[in-house]
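This briefing goes through selected helices, cores, domains and loop residues of the structure shown below. Terms are given with their cut-offs where they first come up.

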Amino acid sequence: MKQKFNIIESSCIPLPLENVDTDQIIPARFLKATTRDEAFFGENLFRDWRYRPDGTPIEGFVLNDPRYSGDILVAGKNFGSGSSREHAAWAIAGYGFKVVISSFFADIHKNNELNNFVLPVTVSEDFLAELFETIAADPKAKVRVDVPAQTVTNLTTGRSESFELNGYKKYCLMNALDDIDYLLEQKSKIEQYEKKSV
Amino acid sequence: MNTLFDKIWDSHVVDLIKDGPTQLYIDRLYCHEVTSPQAFEGLRRRGIRCLRPEKIYCMPDHNTPTHDQDKPIEDPVSKKQVDTLAANTAEFGLTHFGMMDPRNGIIHVVGPERGLSLPGMTIVCGDSHTSTHGAVGALAFGIGTSEVEMVMASQCILQQKPKSMRIRVEGKLGPCVTAKDVALFLMEKLTTSGATGYFVEYAGSAVRSLTMEGRLTLCNLSIEMGARGGFIAPDETTFAYLKGRENAPKGEDWDKAVEYWKTLKSGDDAVFDKELVFDAAEIQPMITYGTNPGMGMAITGSIPTLESVGEEGGESFRKSLKYMGFKPGEKLLGKKIDYVFLGACTNGRIEDFRAFASIAKGRRKADNVTAWLVPGSWEVLRQIREEGLDKVLEAAGFAIRQPGCSACLAMNDDKIPAGKYSVSTSNRNFEGRQGPGARTILASPLVAAAAAVTGVITDPRTL
């Protein structure tokens, strides 16, 4: 959902697993929808880790653990690998996450998050390990993500890091603009390119 | 610099956004039924049309049943998605190869087969296996649905320029070692994130020696190392494959095109951000034991031990083996299996059926095995029949189904039941990929055939 980003301060939901692929984020059987119904995808986020086949919740899974809540998902390295399905980003947005923190994101999924106003924040392995420890010790521990300053801070330990975000995308996120809004303004450049490359 | 990747990328740059991504021109957009409906919906919401409808080709493949395609799809949700693509393409004036159209099949099999994917092009599709088309010497990569909408609206995409990597495989591949084994070997070496952020050029004598079908398989799996895409510089093998194909240039245009395509190679002085070299002789027939494609090993090998995996990643490793029902340190040769799947955009081409048939010939399918043999397109099925492979396979107790993505991701009825072992020529062994609870072992068509006729994991070199 298009929304303006600025400073986000929230507790986190930790998922300390590596190589979480988009088939786990949203299994293929939920890709048959023909509309972008984020609520539907959000309900089925991590479906097979979250619910048994009969629909009852699996107690051990973090999304079913009442200790954890917040706008920030913290995940192990190589988050979002595999299938390009944007449904994974819709599910994350639909569940209510605004930010995903990991030490490494798969390329396509990272773009998909950005295109859906979910901010992927890449941190160092050390920062991530410390953050998992902080959350384990205090599930209500907060993190601050400052988009204008491009910094992420573990408010419990005070540790802060800057994260990458190009100026264009930052402007888009802070002003709720998407790439298509931009591209539709570029028609003459596109036609010029086409004439030149015939 | 001066890599083939730079040449193709740079020649498609429309604009560079200050402190931002590149606006890149796209020559070909492919769409299937799963990742396009919300893009069409977006165009309607914005009240716009496709800027260059003639550059867009659409076909259903993920939901299509692999039997009775002449009848309506039984699953109403799948049917709706397939019908929605037909309606959208009609509304927006796009080319559509619908079910039962002789041009229909898995989008990544059809594109090269119809001569729609050509050297030097930029090609995208809302599907991570779009890297397949890189085999013809194109820059092809998977994108999300918002990006599909972007390309429909503007024939352009905004992307950060990836880094370039060259992977050379030098030497001669051993017996029963196929392009699939090369890819599984590379994934095992690089892991599923080793090439993230890169576009990979495959080179070296072992890569050059691959047929087009083999090259398509290798490039197909680039994403499983995390790569944005993978490609192979076009050469005589490429030109021989493309010549005469429906949408390839003809006559004088063909000669001109080939002249240009011959210039599409990395310079001798090309500098890559990363370069890796492997010895082809090191590569054995491969299988996977875990729940990501990087968890592979030589078919004769043993699953790593907990000690060798170490503390970091230990939890993911244990979770993975628990799901698969395997033990650390275990060998998999001789392990009983339940299903065999031949097909997918990875291994659903004529050469894959030839390979499978070469082992099935004169043997019988094992009684404990359910085998699904799914051609990648109607054209592949036509070739199978023309070459008489259908007769060979039927005599061995195998039936050939109708084309589609099928059990690769089980969006149609072809689902592997929970707990069952499937030796699969597809591309992903993720948890639940072939059906909730299904246990996938990725392998080449030769290894799949060896398992199908013996009922257990078998080294095809011993048959």
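In the predicted model, the buried residues of α3(B) are Ser78(B), Gln81(B), Val82(B), Thr84(B), Leu85(B), Asn88(B), Thr89(B) and Phe92(B). Buried means under 20% relative accessible area, exposed over 50% and partly exposed in between, with a 1.4 Å probe and protein chains only. Seen down the axis of α3(B), these residues fall within an arc of 150°, so they line one face of the helix; the arc is that of the directions from the helix axis to the C-beta atoms.

Local features need pLDDT of at least 70 and side-chain atom pairs count only at pLDDT 80 or more, while totals for chains, interfaces and linings use all residues of this predicted model. Residues are numbered from 1 along each chain as its sequence is written, chains are lettered from A and ligands numbered from 1 in the order in which they are written, and side-chain values use heavy atoms, with hydrogens and water left out.

**Helix α3 of chain B**

- Helix α3(B) covers residues 76-92, 17 residues in total, and reaches 24 Å from its first C-alpha to its last, close to the 24 Å expected at 1.5 Å a residue. The expected span is 1.5 Å times one less than the number of residues.
- Helices (H or I, at least four residues) and strands (E, at least two) are DSSP runs, numbered from the N terminus.
- Pro76(B), Lys80(B) and Ala90(B), on the other side of α3(B), are exposed.
- The cover over the buried residues of α3(B) includes β3 (28-31), α2 (37-46), β4 (56-58) and β5 (95-96) of chain B.
- At the start of α3(B), the backbone nitrogen of Val77(B) has a side-chain oxygen of Asp75(B) within 2.9 Å.
- Gly93(B) follows α3(B) and has a positive phi, near 70°.

**Helix α17 of chain B**

- Nine of the 10 residues of α17(B) (residues 445-454) are buried, so this helix is largely enclosed by the rest of the structure.
- Among the buried residues of α17(B) are Pro445(B), Leu446(B), Val447(B) and Val453(B).
- Elements of chain B that cover the buried residues of α17(B) include β13, β15 (339-342), α13 (344-347), α14 (350-360) and β17 (421-424).

**Domains and cores**

- Chain B is divided into domain 1 (4-261) and domain 2 (286-462), with bounds from an automatic or database domain assignment.
- The centres of these two domains, taken over C-alpha atoms, are separated by 24 Å. Their contact (heavy atoms within 4.5 Å) takes 45 residues from domain 1 of chain B and 42 residues from domain 2 of chain B.
- The largest nonpolar core has 105 residues, of which Phe46(A), Ile101(A), Leu119(A), Val145(A) and Phe356(B) touch the most other members. Domain 1 and domain 2 of chain B both give residues to this core, so it lies between them.
- A nonpolar core is a set of buried Ala, Val, Leu, Ile, Met, Phe, Trp, Tyr and Cys residues joined through side-chain atoms within 4.5 Å.
- Not counting residues up to four places away in sequence, Ile101(A) touches residues including Ile72(A), Val121(A), Leu131(A) and Val152(A).
- A second, separate core of 101 residues includes Phe97(B), Ile167(B), Phe185(B) and Ala280(B).

**Loop residues**

- Ser11(B) sits in the loop between α1 (4-10) and β1 (13-16) of chain B and is partly exposed, with a relative accessible area of 35%.
- Leaving aside neighbours within four places in sequence, Ser11(B) is in contact with Tyr193(A) and Asp6(B). The side chains of Ser11(B) and His12(B) make a polar contact (3.2 Å).
- A polar contact is a pair of N or O atoms within 3.5 Å; within protein, one must be able to donate a hydrogen and the other to accept it, and residues adjacent in sequence count only if both atoms are side-chain atoms.
- Thr291(B), in the loop between β13 (286-288) and β14 (296-298) of chain B, counts as buried at 11% relative accessibility. The side chain of Thr291(B) is joined to that of Ser320(B) by a polar contact of 2.8 Å.
- Gln150(A) is not a glycine, yet has a positive phi near 55°. Gln150(A) lies in the loop between β5 (142-146) and β6 (151-154) of chain A and counts as buried at 17% relative accessibility.
- Thr191(B), also not a glycine, has a positive phi of about 70°. Thr191(B) lies in the loop between α6 (179-190) and β10 (198-203) of chain B and is partly exposed, with a relative accessible area of 40%.
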